[in-house]
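Please look it over first, then go through the points below.

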There are 6 protein chains.
Amino acid sequence: MNSQALASAQVKANILIDALPYMQRHYGKIIVVKYGGNAMISEELKEAVIHDLILMQLVGMKPVVVHGGGPEINDLLAKLQIKSRFIDGLRVTDEATIGVVKMALMGKVNPDIVVHINRHGGKAIGFSGIDAELLQCRPLPDQPELGLVGEIQRVNAKLLLTNLDQGFIPVVAPIGCDSEGNFYNINADYAASKIAEALRAKRLMLLTDVPGIYRDAAHKEEIIPEIKINEVPRLIEEGVVAGGMIPKIKCCVEALMAGVDGTNIINGCQPHSILLELFTKEGMGTMIVR
Amino acid sequence: MNSQALASAQVKANILIDALPYMQRHYGKIIVVKYGGNAMISEELKEAVIHDLILMQLVGMKPVVVHGGGPEINDLLAKLQIKSRFIDGLRVTDEATIGVVKMALMGKVNPDIVVHINRHGGKAIGFSGIDAELLQCRPLPDQPELGLVGEIQRVNAKLLLTNLDQGFIPVVAPIGCDSEGNFYNINADYAASKIAEALRAKRLMLLTDVPGIYRDAAHKEEIIPEIKINEVPRLIEEGVVAGGMIPKIKCCVEALMAGVDGTNIINGCQPHSILLELFTKEGMGTMIVR
Amino acid sequence: MNSQALASAQVKANILIDALPYMQRHYGKIIVVKYGGNAMISEELKEAVIHDLILMQLVGMKPVVVHGGGPEINDLLAKLQIKSRFIDGLRVTDEATIGVVKMALMGKVNPDIVVHINRHGGKAIGFSGIDAELLQCRPLPDQPELGLVGEIQRVNAKLLLTNLDQGFIPVVAPIGCDSEGNFYNINADYAASKIAEALRAKRLMLLTDVPGIYRDAAHKEEIIPEIKINEVPRLIEEGVVAGGMIPKIKCCVEALMAGVDGTNIINGCQPHSILLELFTKEGMGTMIVR
Amino acid sequence: MNSQALASAQVKANILIDALPYMQRHYGKIIVVKYGGNAMISEELKEAVIHDLILMQLVGMKPVVVHGGGPEINDLLAKLQIKSRFIDGLRVTDEATIGVVKMALMGKVNPDIVVHINRHGGKAIGFSGIDAELLQCRPLPDQPELGLVGEIQRVNAKLLLTNLDQGFIPVVAPIGCDSEGNFYNINADYAASKIAEALRAKRLMLLTDVPGIYRDAAHKEEIIPEIKINEVPRLIEEGVVAGGMIPKIKCCVEALMAGVDGTNIINGCQPHSILLELFTKEGMGTMIVR
Amino acid sequence: MNSQALASAQVKANILIDALPYMQRHYGKIIVVKYGGNAMISEELKEAVIHDLILMQLVGMKPVVVHGGGPEINDLLAKLQIKSRFIDGLRVTDEATIGVVKMALMGKVNPDIVVHINRHGGKAIGFSGIDAELLQCRPLPDQPELGLVGEIQRVNAKLLLTNLDQGFIPVVAPIGCDSEGNFYNINADYAASKIAEALRAKRLMLLTDVPGIYRDAAHKEEIIPEIKINEVPRLIEEGVVAGGMIPKIKCCVEALMAGVDGTNIINGCQPHSILLELFTKEGMGTMIVR
Amino acid sequence: MNSQALASAQVKANILIDALPYMQRHYGKIIVVKYGGNAMISEELKEAVIHDLILMQLVGMKPVVVHGGGPEINDLLAKLQIKSRFIDGLRVTDEATIGVVKMALMGKVNPDIVVHINRHGGKAIGFSGIDAELLQCRPLPDQPELGLVGEIQRVNAKLLLTNLDQGFIPVVAPIGCDSEGNFYNINADYAASKIAEALRAKRLMLLTDVPGIYRDAAHKEEIIPEIKINEVPRLIEEGVVAGGMIPKIKCCVEALMAGVDGTNIINGCQPHSILLELFTKEGMGTMIVR
């Protein structure tokens, strides 16, 4: 190693050492990552997320992945020429639709993530909410007209804990079941939140397509780094949190109330945003805390 | 209970007691069941197979299910208007085809079996050959032109054994992977045979659409109850074992040579044929033994 | 298998499947069976009881046997020409008598049951209340004049639980001890009841020589299928429960109050009455519940 | 404590300390003790043996007791007026006789030892060779005319090892069984020897009514302290080892050949002879070694 | 063995048997022994203490040793010509002094005890309060001017319990640490007391240079055998407990209040005083109890 | 985070990800580090080594530290005015000298390393070769005149393996013992090598004061990156390996022959040289391999 190489190596060593206190802080902790949106589409971003997950596991964390898959579902619905019925703008999940959701999520998105992790040296297993009745559901009590959209009644935490203890990264497709043999489509943010609760996770991280919650949504200049749970109602009222961000932040609030230590809304389109959130002082995106 | 009811109950008790020695013989043993064909289509037969599996588990056996799914694959290929290319009559599995196979098996057939077992009180988990690299494959060395059709190189037996020990019924979709991230379509009989080998199973049971191997295929009157491994070449030569039965019997022979105790070719269209084979003196279909 | 054999086999399979929900309900549960009376004398009935116990174990239950042995005790007292002294019609257990009780129960009845279970493929171990101080006793505080008749002070549940977990059927002779080295004769129904309590058993089953509790003891036509704990005082007052049935039902009540889920008084003279009670909808004899 | 008491206490402390190296040498080792003869009859000797066993266990050894019971058997045969048939001077064990042997050993001798150990603070469990098929037998192949006298075919070592590991002292009545449900009378020295073999015991100690093997049987002055296995044939030929001592020494030789480290023939009539053998330099009686 | 040797051996056996109830009483219990003073200097006394510790372990107790080392510290301070500063007669522990204390205790006294135990067949490991932060300290809040004299804030009981369970005798040098990397000198009686509390020990034994607490300190004739916790204030007031005995008895009182069962102040100069206290009816020195 | 901060964070993330394959390669492996020389003196270098050890542990490696302490020994010898006797230029270790070695290593160097690791969040325990007889020695057979210099006869690997499994970093002072209670001074490189052998370590890393083995010792320009075991004799003969490097390379060769996978001679004066060796492609210093 010449002196230049040495200097560069030295910089690397210092960066590893700088990460030490963050590794210590998160050691042995369960981190539930909702993985979806554009971060699933770009090969480069996918690669970055997979690497982050494997590194997390290597330094002693216990990541759990819950994934979405909207584009694949839409794509398959289109190919199979299945038309969706909508009620108040919400898509009804009938038997034909849930069949497509199952194929898209369990037969495409989930195995693709699992294979990616495994080929990079991680040890992943794909699950859906029907395995050992991982996610027991009933129809949404307030919106039964939406059909097979599931409200989670019970999470089989033991299944995931056992697999985490054996060193696996569980990758969960958000499809649930009930005791009559029906399948349910579950919102992935919501599934991640309920799983984080059941596992008494330290963190819930929602990967989205935006950098976080903007202080001023119109100008998109500054991200709010931290929101306390009691500020949330006001932020919704003021329209700072709006649109699709409202259900996301509600998932965070529910998880926090049930004992999860911290929740993040971060930008999946920023490579290694998970690592940057966990391993830097400034963090990434918006953190919601108690 | 009146005297008639009592007499009938007594008959039931005697039947349970008659099953005792068979239960004792199979106690704690791993039984790999290849489940496919018409037994997967009729709701009534499906129900019977599920019940058989749950009963096997309750009386102490450790069943493992490997399923096929040809009709669902064909159906989905048709709907998606994907044309298959054929070489010498064999279908080539290209990228588009394997995508359909994944969706049909992992997103439809597998979860349907898992949910069925669970709703009847069993505890099933769905796996495919990619979970924790359960089935590591390479392309068929002699027929590379068939594309993503897999030869199994290594089975992660520990994954299945751990789940069996925890009281689960593993349900395996015959899809493999390699270290480059490719998926492979695997013949289900063959996958079941390799899994039985790796688990040092006591039995390999192939559910087919015929009652067994006929002594005289033309008249289909009498089933050969037992074939010794050394009789197989002659039976093939004489045409007693012919057509689609040849690869099946070869799977049996391979499993036997690798240490599996016994193999069965039985009729999935006969309700409870698994139970009848395991719990009666006469058994069902044709048994191939060393 | 010809078509007639097949039809008959099919019936058998259906009966096994019908038993499935009962097997599931009792899976892993501890069932304490008091075995005594005529069911111990007839070879055929003995065979049936042994088979029932082995089947219970095979399908995942944990049976514990507590046996009596009155006839053998009387027989040996007669042969050894030991006269019994009686107080108010109750036999006094003096040193000579307890010596005979020990020989009859521990040296004859108990090993005969153990050997029977083992030769039919079960795994039984014989215990008495002195092994690891399983049943610690003192003389009956209200009837000290009866001598070495024991009231149970403490049950070493761990000894039985450990052996159950190792897959053994414990067979218990109702002989107790105290810290001074005395032996005590214990009523077998009572011993079974205290053991059921200590093990937090699901069921206590008392095998008797009658079909259950008659609604009208004079005409012996109809058995009361179920009695609630709060009906017992009235039934005793009305004479429906009378004579030797009173202490039996009191054992059931005590066990229920201490947490046992259900208790049965069933006819040991009806072959497989244990199975019929556990595996049929109608059940057998009289069930006493909370 | 005054100075005299202190001096005396000091002596006690020194004696305990002197025993230290012997305790260390035997720590964790299995010692099989055949307990029989006059040491079973005198209350004082019985007390001494029980204390020795408890002390052995407390200082970390794992004692296993195998007991005889000839006098009790003879006594009960007489009381029941059962005449014995003899062939060449050896008693035939017919059905009636084995019934008496079972009652005397399992219903009297065994529980009396168990209760004695327990009331002095040890933790004993009584076993016979039928429990979990501990001692599987067949009739003596060379002397079938002796009836139910057993040759041991297989010892269930696991049963005893599990109980030793849980801190129990197993007390074994030498009664065996076969797979047809027959009981067998087994010579206690022989049973102890086979059990020592199966447990890979460190020591086999046979308690007898004589101080050891006399160098000159006529004058009974000097005991041979140690005999090497290869000297035994000569000693038998010379008549030094004669009569009832021959089968005893043969049991020792068999155990040694099968891996037991050392065997002792010691005087059960000398109080604490077990302790004196184990804890003093000179030892007691005659030791037979490889 | 001739008759004289036999008689003497018999006496030994009786003494061992007499110790039985004491062994049973202390079986499995943790005993914390503060070892210091003259008992550490005389080779003969050291030997006796080591033997006592090994015997305690062999008969099932779990001894923990906490040692002092004043003379070695003074000796090394002198050799290195380090002068001590005193405040109100108490020595100040500055950086230079703590360096000497570390060398004397961790580099001399501790390894000498460990090696002694090991060469006599015990299994000892040396620890100090810095290993796995066994003794976390802060400066004495009331006397900060004394410098690096530690008040114990937290004891890592798990470290010692794990090693006790693996059959080791932990030997602890009373040196503590804080989270800034400072070392602290800790009074050995006090360290032993806090360790006994944290381990929920059965006993705390302080070895001193006097036979116990005299009823009349002037005449030193009679030792008070037992003091109840509520008598302590009066005894201090009356001057019966005085001088250096006051902090010792305060350590005992604190340990008792925190759940330790009994505490002893005994004479380390009396050979085997530990054994004599534990294994005789009269005991040794003064016992303080609740 | 502004865009500059983000770019910089991104660089950090990439460096962490670059380290991934190295972390995976060393995961779960035992790495024995000999820590000595100037790297022990500079506070900054000490800090860097401690950080490296903690990071190694966090990412799943199992580091074991063996330390030297020559300067501290010389310093203390001087202060205590102990003169050393020399034979052929080698210092004789007599009783006085070993006493100083013990104090310097066990009472100063070892606890200082342990405290450093613990205050940075690692979990360290200090050991010496006498704890549970970790390093059993005899005098050097070829140089008995050197006195208490130890040749290692047996390493108690279990002690270290147990502590590694509990997540501790063992820090070992190279002081041995024998069964007579003598202490021995052991060369630290040699102790590290024998420990690496006994633990079947993956790596032995010797931290020295030079950058590695120079291709041309005179000009010290180029380090030989890798030496095969069979090149060593020639390199010694040619003088490339000379002086104090000869015993070091012999330790490496011995460890390799006994099964250690690789050995390094690296520069302790280069901050984070351990990390740079383990986590970069080029590595550091000279690697000796089979």
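How much area is buried between chain C and chain B? About 2,900 Å² is buried there, and carbon and sulfur atoms give 78% of that area; buried area is the accessible area (1.4 Å probe) that two parts lose on being put together, summed over both. This is a predicted model, in which local features need pLDDT of at least 70 and side-chain atom pairs count only at pLDDT 80 or more, while totals for chains, interfaces and linings use all residues. Residues are numbered from 1 along each chain as its sequence is written, chains are lettered from A, and side-chain values use heavy atoms, without hydrogens and water.

**Chains C and B**
- Chain C and chain B each bring 35 residues to the contact (heavy atoms within 4.5 Å).

**Chains A and F**
- Chain A is superposed on chain F by a rotation of 180° with 0.0 Å of shift along the axis, at RMSD 0.1 Å (least squares on C-alpha atoms of residues with pLDDT of at least 70 in both).
- That is the relation of a two-fold axis.
- A:V59 is the residue of chain A that comes closest to the rotation axis, at 2.2 Å (C-alpha).

**Helix α7 of chain D**
- Helix α7(D) covers residues 188-198 (helices are DSSP runs of H or I, at least four residues, numbered from the N terminus).
- In α7(D), 10 of the 11 residues are buried (under 20% relative accessible area, 1.4 Å probe, protein chains only), among them D:Y190 and D:I195.
- D:R200, which follows α7(D), has a positive phi, near 50°.

Notes
Buried means under 20% relative accessible area, exposed over 50%, partly exposed in between (1.4 Å probe, protein chains only). Helices (H or I, at least four residues) and strands (E, at least two) are DSSP runs, numbered from the N terminus.
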